[in-house]
Amino acid sequence: YRDDDDVNDVASMAGVNLNEENARIMATNSDLVGTQIQSCKDEPFLAAIPLHKRILETAKKLGITDVPAEVVTFISHATQNRLRTVIEKVTVITQHRMESYKDDEWYEQATDVRSQLKFFEQLERLEKQRKDEQEREILLKAAKSRSRQEDPEQARLKQKAKEMQQQELAQMRQRDANLTALAAIGPRKKRKLDSPGLLTVGGEGLGVSGGGQAGLGTPSSRQYARQKITRVNLRDFIFYMEQERETSHSLLLYRALLK
């Protein structure tokens, strides 16, 4: 021991030589010796000058004339944190809305609103078709009428029947013209962009050979992961504001519901 009287020297009592340990550390991390590490510059999230001006305008109403720069930086970071929290919560709401439980074995479908709406639309379409058929029969009867004494209503029906026949004839001619044009064009050929061995770069197709030796082409087996985009709509944001205590009775929520 270097000093037997120093009972507080724990390293010496344990048999550890601090000089040797320090030399070993310096030899191991020799590339880090002499470097200076400092924290990054604190960049504000909002523009400092307009934000400071806005804070001063609000502070003057409360009798405050001086607002230091630290307050501006703090409010800027608080705004960034608040915006990040809002985006995270709204993103969770959007992802939950986009989840599909149709194929989940633990869920059973109770109602199908889409099928019900389709059924009602079909009923309305059949009802409209029935009314159109009745009106067409009335107009055809009026057009075939040969009575010498015709009232104004009968004349109006004949004129309407004549217009309906002309419209039907025009639709038939248009349909025949479309069929003739399609027959002249011929069967639709498969686009080159739809072929599996094609790489699209900048809107132009570049052929890829089976061995992957063609120009800028890469092997078709290589797949690129597409970034998943979460689209938030106004309904998701309204749902978020309804759940938050700060915005559940706010004027912003009222204006959003009016849109």
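1. Helices here are DSSP runs of H or I with at least four residues, and strands are runs of E with at least two, numbered from the N terminus. With that in hand, Asp42 sits in the loop between α2 (18-28) and α3 (48-61).

2. A word on the source: this is a predicted model, where local features need pLDDT of at least 70, side-chain atom pairs count only at pLDDT 80 or more, and totals for chains, interfaces and linings use all residues. Residues are numbered from 1 along each chain as its sequence is written, and side-chain values use heavy atoms, with hydrogens and water left out.

3. Back to Asp42: its relative accessibility is 48%, which counts as partly exposed (buried is under 20% relative accessible area, exposed over 50%, partly exposed in between; 1.4 Å probe, protein chains only). Beyond its neighbours within four places in sequence, Asp42 is in contact (heavy atoms within 4.5 Å) with Thr73 and His77. C-alpha to C-alpha, Asp42 and Thr73 are 8.7 Å apart, though 31 residues separate them in sequence.

4. Now have a look at Thr247, in the loop between α7 (234-243) and α8 (251-258). Thr247 is buried, at 15% relative accessible area. Its side chain reaches the backbone oxygen of Met241 at 2.9 Å. Setting aside neighbours within four places in sequence, Thr247 is in contact with Tyr240, Met241 and Leu253.

5. Finally, α4 (residues 69-98) and α7 pack at about 115°, with axes 9 Å apart; axes are lines fitted to C-alpha atoms over the stretch in contact, and angles run from 0 to 180 degrees between N-to-C directions. The residues making this contact include Val86 and Ile93 of α4 and Phe237 and Tyr240 of α7.

Notes:
A polar contact is a pair of N or O atoms within 3.5 Å; within protein, one must be able to donate a hydrogen and the other to accept it, and residues adjacent in sequence count only if both atoms are side-chain atoms.
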